[in-house]
Each structure stands twice: as C-alpha cells, then as structure tokens.
Amino acid sequence: MTMIALAFDGLLALTLIVLAWRTLASPDLHQAVVLLVAFGLQLSLAWVRLDAPDIALAEAAIGAGITGVLLMGALGQLADSADSAPSTPGPGAAIVPLQDESQRQHGTGPRVLLLLLTLMFAAALGTAVWQVMVSSDGLLPAVQAQMPASGVAHPVTAVLLNFRAYDTLLEMAVLMLALLGVLALSRTANPSWPEPSPVLTALARGLLPLVTLVAAYLLWRGSHAPGGAFQAGAVLAGALVLANLAGAPALPAYGALLRSAVALGLAVFVGVALVAMSLEGALLEYPSAIAGGLILLIEASLTLSIALVLTLLVTGVRAGETS
Amino acid sequence: MTPALLYGLTAVALCAIGLHGAMAQAHLLRRILALNILGAGVFLLSVALARRAPHLAPDPVPQALVLTGIVVAVCVSALALALLRHLQADIGRSALPEDGAATGTEAAGPARDA
C-alpha cells in the first residue's frame with residue numbers, strides 16, 4: 001500500500017471517529033444532526049476506498065441524504081411540539097415522576113463503569129478483528145463459479161437478486177412494515193418545511209428531470225456494473241423529497257393508486273418467487289434462460305416501491321388522508 | 001497495515017462510540033443518532049472483512065448484505081423518530097421517565113411541576 005494511500009485512509013478513519021464522537025458529544029442537537037450527515041458522506045468515501053461502489057452510492061443517497069432530511073424534519077417537529085405543548089398534560093404525564101436533574105443525570109460511578117465496559121468491549125472486539133484479518137477468499141470463488149447462471153454480470157447484483165434474493169424480498173417487506181408503522185403513528189401530517197427560496201425552486205425545477213434520468217440509468221446499469229434497484233430507488237426518493245422541499249409535492253393523495261404503487265415491488269417479487277417455485281420447484285429459483293429478464297422486472301418494480309416508501313417515510317402523506 | 005485492517009479497527013471504534021452513546025445518552029434523539037453510528041460501525045466491519053484478500057476482487061456477499069442493512073437502518077430510524085414524536089406529544093419530554101428530563105438547548109418539552 002503506497003504511503004499516500006495509507007495517509008489518506010488514516011486521515012479518513014480519523015475523520016470518521018472524530019465526527020462520530022462529536023455527533024454524540026455536541027450540546028446542540030442541530031449541530032449533532034449536521035455532523036451525522038457529514039459522517040454519512042465521509043462513510044461513502046470509506047466505501048469507495050474499500051472497493052464497494054454499490055454501497056457508496058446507497059450510503060450517499062440513503063445514509064446521508066434521506067436520513068439527514070428525516071432527522072432535520074424530526075428536529076423541527078420536536079421543537080414545534082415543545083413550543084405548543086398543551087397546558088394540561090397528556091395521558092402519560094400523570095405517572096411521570098418529576099426529575100429535576102441536569103444533563104448529568106447519572107452519578108460519576110455509573111458513568112465511569114459504563115466507560116470502562118465500553119473500553120473492554122472495544123478491546124475485545126479489536127483483538128478479534130486483528131486476529132481475523134488474515135487473507136481470505138471468503139465466498140468470492142463460490143459466487144464467481146455461479147455467475148454464468150445468475151442472469152446478470154455484476155456479482156453484487158447477482159447476490160442481491162438471485163443467490164440471496166430471499167433476503168431482498170424480506171427487506172422489501174421490512175420497508176413496507178416501517179411505512180405502516182410510521183403512518184399508524186402519525187398525528188401531524190407533514191413536517192413543517194420552511195417557505196422555499198426562489199433559488200431552491202429554480203434548482204429543483206432544473207434538477208428533477210436529470211435526477212430521474214440518473215435513477216433510470218442506475219437501475220439499468222445494475223446488471224453489469226455498480227448500481228441497481230436500491231441505489232436507483234434512493235436517488236429517485238431524493239428527487240421526490242427535493243420536490244417536496246421546493247414546495248411542489250410530487251406524489252398524489254394517499255389513495256388506491258399510490259398504495260398499489262407502494263405494494264407493487266413486494267407483489268411482483270412474491271409473484272416471481274411463486275412462479276419460479278411452480279416452474280423449478282424451489283422458491284426464487286429462476287429458470288436460467290429468463291433469469292436476467294426476471295431480475296430486471298423485479299428491480300424495476302422494487303425501484304418504484306423503494307422510492308415511494310422512502311419519500312413517504314420522510315414527507316408523510318397528505319393531511320387528512322391516512323386511514 | 002492493510003486498508004481492511006485499518007477500517008476494521010475504525011469500525012470497532014465506531015461500534016464502541018455508538019454503543020456507549022446508546023446507553024449513556026438521555027435524550028432519545030441522541031440515542032437514535034448513536035444507534036445510527038453503531039450500525040455504521042457494524043457495516044464498516046462487514047465490508048472490511050470482505051476486503052481481506054487485496055489481490056482478488058472483494059467478496060460480494062457481505063457487500064450485498066450491508067446494502068440491505070443500510071436500507072433497513074433508515075427504516076428503523078424513521079420508525080424510531082415517529083415513536084419519539086408520539087412519546088413527546090404524550091409526556092412532553094424527549095427522554096424516558098427514568099432518565100430524567102433533558103435540559104439546555106435540547107428540543108425537549110417543558111419541565112412540569114408536580
């Protein structure tokens with residue numbers, strides 16, 4: 001490893017640790033959220049340094065982009081409800097004991113103990129990592145042996161949508177469950193975004209077609225190069241959230257059309273799984289002649305559903321239409 | 001010091017920071033931030049372990065699993081934040097009752113007199 005590469009990696013590793021520490025140690029919550037977004041972006045660089053461009057794309061779009069907007073929206077809503085707190089306490093306040101303590105709510109003893117336990121954990125895990133970092137092929141030879149039968153040319157896509165397609169199917173179900181949970185808990189409809197500036201509106205108007213094109217390209221590219229459904233869906237979600245922030249909600253009301261589109265990814269995936277089971281006898285075992293086409297079909301519907309779910313997680317549904 | 005080892009040790013540090021924060025912080029939003037950092041540490045460790053053979057291509061299986069993990073992590077964050085909003089609307093503060101009220105510049109609810 002060259003000296004410059006080592007220096008860069010060392011600096012990046014140090015930046016990650018310092019950003020993580022400052023995120024949790026900063027007294028201002030807004031600063032903490034911004035530091036976490038910066039941490040996500042630095043982490044994308046780390047993924048590139050570890051030869052994981054698929055993850056770098058997803059981390060930049062989801063980890064830094066979507067999570068950042070999510071946290072800032074939540075921060076705004078927490079501040080709002082604190083200012084407009086009702087004079088009569090809610091149902092849970094009657095049983096809450098009064099705790100008139102400052103931020104340092106634990107004594108010194110428990111804090112030192114917690115720090116010691118954390119250091120012990122870090123030492124144990126660090127030793128284990130040191131000992132396990134011997135050169136190892138892992139599952140690479142097994143994957144490469146099966147690549148011709150997978151239907152795609154990119155190993156990560158083959159693993160995601162063919163060899164371990166079951167995990168991806170369950171992940172889509174997790175996405176839908178999270179959306180159901182968030183919608184069930186929503187009391188206020190949308191976070192209160194500030195009035196968009198003309199610069200943001202003009203920028204959004206110019207960017208949205210381009211970003212949609214990039215998302216479509218990432219989807220198509222996933223079969224032979226880093227890309228695929230998750231990256232495309234995350235980028236598309238970023239575009240839809242940007243449209244929301246610029247004052248033009250891009251999604252229709254939460255009616256039958258939107259619900260069908262959200263459910264489409266999982267439905268198509270389960271449908272293909274059942275068809276494959278009836279044809280080949282095992283769940284999600286694609287007939288090798290049409291494996292590529294099936295994967296593209298699944299990825300296209302997954303892109304749409306992922307984009308819609310991530311957008312709805314951030315923006316909520318139109319006021320008064322959750323049911 | 002290969003990149004895999006360097007990022008592996010960084011991942012251990014991130015896991016420790018995140019774990020400590022998740023336990024020690026009183027304000028629930030900070031706990032959510034700490035859990036995000038813990039998740040990032042775990043993902044970094046997995047991908048570093050996938051890079052143990054520098055002369056070969058990286059192992060695609062941990063990379064695919066981490067890709068799944070990132071999407072699941074954002075879902076967890078979204079659901080946790082919705083629960084936090086619900087909790088604050090109920091009891092008026094952003095910390096659990098046994099952890100005391102968060103004060104200062106935190107966006108917590110007002111303290112109540114018994």
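Predicted model: local features only at pLDDT ≥ 70, side-chain atom pairs only at ≥ 80, totals over all residues.
Residues are numbered from 1 along each chain as its sequence is written, chains are lettered from A and ligands numbered from 1 in the order in which they are written, and side-chain values use heavy atoms, with hydrogens and water left out.

Chain B contains three helices and zero strands, where helices (H or I, at least four residues) and strands (E, at least two) are DSSP runs numbered from the N terminus; along the sequence, the pattern of chain B reads α-α-α. Of its 114 residues, 65% count as buried, a class defined by under 20% relative accessible area, with exposed meaning over 50% and partly exposed lying in between (1.4 Å probe, protein chains only). Among the contacts in chain B (heavy atoms within 4.5 Å) that have a separation of 6 or more, 49% are made by residues 24 or more positions apart.

Helix H2(B), which has 22 residues, spans 32 Å from its first C-alpha to its last, close to the 32 Å expected at 1.5 Å a residue, the expected span being 1.5 Å times one less than the number of residues. This helix, H2(B), is mostly covered, given that 18 of its 22 residues are buried. In helix H3 of chain B is found Ala64(B), which counts as buried at 2% relative accessibility. With residues up to four places away in sequence not counted, Ala64(B) touches Val156(A), Val159(A) and Leu160(A), while the C-alpha atoms of Ala64(B) and Leu44(B), 20 residues apart along the chain, are separated by 13 Å.

At the interface, 89 residues of chain B are in contact with 95 residues of chain A. The area buried between the two chains is about 8100 Å², of which 75% is given by carbon and sulfur atoms; buried area here denotes the accessible area (1.4 Å probe) that two parts lose on being put together, summed over both. The count between chain B and chain A is one salt bridge, a term that requires a side-chain nitrogen of Lys or Arg within 4 Å of a carboxyl oxygen of Asp or Glu. The side chains of Asp51(A) and Arg51(B) meet in a salt bridge with an N to O distance of 2.6 Å. This pair crosses between chains, from the loop between H2 and helix H3 (53-83) of chain A, where Asp51(A) lies, to the loop between helix H2 (28-49) and helix H3 (60-91) of chain B, which holds Arg51(B). Asp51(A) is partly exposed, with a relative accessible area of 35%, whereas Arg51(B) counts as buried at 13%.

Over all chains, the count comes to three salt bridges. One of them joins the side chains of Asp9(A) and Arg49(A) at 2.7 Å, N to O; because Asp9(A) lies in helix H1 (residues 3-25) of chain A and Arg49(A) in helix H2 (residues 29-49) of chain A, the pair ties together parts that are 40 residues apart in sequence. Asp9(A) is buried, with a relative accessible area of 0%, while Arg49(A) is partly exposed at 29%. Arg164(A) forms a salt bridge with Asp167(A), with the closest N and O atoms 2.6 Å apart; Arg164(A) is partly exposed at 37% relative accessibility, and Asp167(A) is partly exposed with a relative accessible area of 22%.

A nonpolar surface patch of about 530 Å² is made by Tyr166(A), Leu170(A), Val270(A), Leu274(A), Met277(A) and Leu283(A). Patches consist of residues with over 30% relative accessible area and no salt bridge, like charges being joined within 9 Å and nonpolar side chains (Val, Leu, Ile, Met, Phe, Trp, Tyr) within 5 Å. Helix H7 (165-185) and helix H10 (256-280) of chain A each supply at least two residues of this patch, and H10(A) gives the most, with three residues. Leu170(A), found in helix H7 of chain A, is partly exposed, with a relative accessible area of 39%.

How values were computed. Areas by Shrake-Rupley, 256 points an atom, 1.4 Å probe, with all protein chains shown as cover.
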